[in-house]
Amino acid sequence: MLTKEQIRGAQDRPREWVPTESWTPEGETFDKTKHGVWVCTMSGRDRDSWEQDCLNRKGNHVNLRATLAVRVVHDADGKRIFTDADAEWLGEKSPGPLSDIFAVASRLNKLSKDDQDELVKN
């Protein structure tokens, strides 16, 4: 049986690099190793907070991808680069990168199709 210390020390929040070609700065050539973001696994607390926000929307899921992206996009040190308020302007960006981030975040955070349907239904 695992001990509390083993569980506390477990590295259980993987992350994945997601290239974002359409966000390449003007004048630069796209480089998939340089132009992208780290998509991370949320903490249990962050996941619950995101789900509660979804439920509070009462069926309005406009900007769902951006609200998840602000919670899962981190810098190289593992710290969020966006605040929750950044979802408003981030939602105005191209849907391509947001969809890529959403797909990876869904997989890393075990957000199944059933989970998504449940959030939409409620």
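1. The protein has 6 helices and 3 strands, where helices (H or I, at least four residues) and strands (E, at least two) are DSSP runs, numbered from the N terminus. Reading from the N terminus, the order of elements is α-β-β-α-α-β-α-α-α. A quick word on ground rules: this is a predicted model, with local features needing pLDDT of at least 70 and side-chain atom pairs counted only at pLDDT 80 or more, while totals for chains, interfaces and linings use all residues. Residues are numbered from 1 along each chain as its sequence is written, and side-chain values use heavy atoms, with hydrogens and water left out.

2. For the overall picture, the C-alpha atoms fill a box of roughly 55 × 35 × 25 Å along the principal axes. Among contacts with a separation of 6 or more, 55% join residues 24 or more positions apart; a contact here means heavy atoms within 4.5 Å.

3. Now the sheet. The 3 strands make an open, antiparallel sheet in the order β1-β2-β3, and two strands count as paired if DSSP finds at least two bridges between them. β1 (15–19) and β3 (73–74) are the edge strands, each with a single partner, so one side of each has no neighbour in the sheet. β1 pairs with β2 (residues 36–40) over 5 bridges, in the antiparallel sense. Within this part of the sheet, E16 sits opposite V39 of β2.

4. On to the cysteines. The disulfide count is 0, taking a disulfide as a pair of cysteine sulfur atoms within 2.5 Å. For C40, the nearest cysteine sulfur belongs to C54 and is 19 Å away. C40 is buried, at 6% relative accessible area, and C54 is buried too, at 2%.

5. Last, the largest pocket, with about 220 Å³ of space. A pocket is an open set of points on a 1 Å grid over the protein atoms alone where a 1.4 Å probe fits, with protein on both sides within 12 Å along at least five of seven lines; lining residues have an atom within 4 Å of a point. Points are joined across faces, edges and corners, and the volume is the space filled by probe spheres set on them. The lining consists of A10, Q11, D12, R13, P14, R15, C40, T41, H74 and G78. By class, that gives 3 nonpolar, 4 polar and 3 charged residues, with Ala, Val, Leu, Ile, Met, Phe, Trp, Tyr, Cys and Pro as nonpolar, Asp, Glu, Lys and Arg as charged, and the others, Gly among them, as polar.

How values were computed. Buried < 20%, exposed > 50% of the residue type's maximum accessible area, 1.4 Å probe, protein only.
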